[in-house]
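Me: I would like to go through this model and ask, term by term, what each label rests on. Please set every value against its cut-off before concluding.

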Amino acid sequence: MFVVYSSIYKCVAAGQLSSTNGTKIDDDFEGYPIDMFCVPKHYYNYVENILIPRGVIADRTERLAKDIWDALGDGRPIVVLCVLKGGYQFCSDLMDYIKAFNRHASKSVPMRVDFIRLKSYENDRSTGEIKVIGGDNLQSLEDKNILIVEDIIDTGNTMMKLLKIVSDHNPKSVKVCSLLVKRTSRSNNYKPDYFGFEVPDKFLVGYALDYNEYYRDLEHICVINEEGKKAFAV
Ligand code: IMP
């Protein structure tokens, strides 16, 4: 297991890790067998492997929080705009780390949190139509420094649409932090200001990422298998 763990961490030693560029997980990385970690029984037959264990997500999130705090920690308040539903776990954990830095340093970043809910996926495919289906009144974003927190950038279309919506409300500044960026030929080349991991072009679930609302209650980020796609299809 140490060998597999080190394959994620070795890029730090090799200097491939730039904290804002994200840790790259190669296409041929096999992930971790599910019986090496705790996976709920109801998903046991429905995931291929564990791509990013919860502990690694936590450690990387701490570093992202530090980078954000270093860049923004000059007393200016920020509005954290959490993209629901998939972004809720990452947003909560990221804010917890920023709050910890705030508690223990002589400078701090005052934070407010707003929510927006977008939907574009059915099964493992984008419907091509990105709908805003809920959230706070975005007029409160006017003249504020906004940090958008998202779970995953795939084609980049959702984020482009969201950036347009946010900029229509005249914020002072906008930064984007996404836990994951998918390496895919479908990408519109959008890259967020901060991201945790660059991941292979596979459908990922867990840590609040869903497939038709399933798998949000799985701790680790996993690759869904064909049985899972069939079992939870709509
Ligand atoms: P994009 O518009 O193609 O960049 O897709 C972004 C949105 O699609 C994310 O906010 C997710 O809700 C969803 N999505 C894309 N890829 C995945 C995935 O692998 N697992 C779960 N959700 C995904």
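**Labels and their cut-offs**

Reply: Arginine 117 is found in strand E4 (residues 111–122), where helices (H or I, at least four residues) and strands (E, at least two) are DSSP runs, numbered from the N terminus. This is a predicted model, in which local features need pLDDT of at least 70 and side-chain atom pairs count only at pLDDT 80 or more, while totals for chains, interfaces and linings use all residues. Residues are numbered from 1 along each chain as its sequence is written, and side-chain values use heavy atoms, with hydrogens and water left out.

Me: Why is arginine 117 called partly exposed?

Reply: Buried means under 20% relative accessible area, exposed over 50%, and partly exposed in between (1.4 Å probe, protein chains only). Arginine 117 has a relative accessible area of 26%, and is therefore partly exposed.

Me: What makes asparagine 225 count as buried?

Reply: The relative accessibility of asparagine 225 is 9%, so the residue counts as buried. Asparagine 225 lies in the loop between strand E10 (221–224) and helix H5 (226–231), and, leaving aside neighbours within four places in sequence, is in contact (heavy atoms within 4.5 Å) with Asn45, Tyr46, Val47 and Glu48.

Me: How do you know that the buried residues of helix H4 are on the same side?

Reply: The buried residues of H4 (residues 157–167) are Thr158, Met159, Leu162, Ile165 and Val166. They cover an arc of only 120 degrees around the axis, which puts them on the same side of H4; the arc is that of the directions from the helix axis to the C-beta atoms.

Me: Which residues have the most contacts inside the largest nonpolar core?

Reply: A nonpolar core is a set of buried Ala, Val, Leu, Ile, Met, Phe, Trp, Tyr and Cys residues joined through side-chain atoms within 4.5 Å. The largest has 49 residues, and those with the most contacts inside it are Ile52, Leu94, Leu180, Leu204, Val205 and Tyr215.
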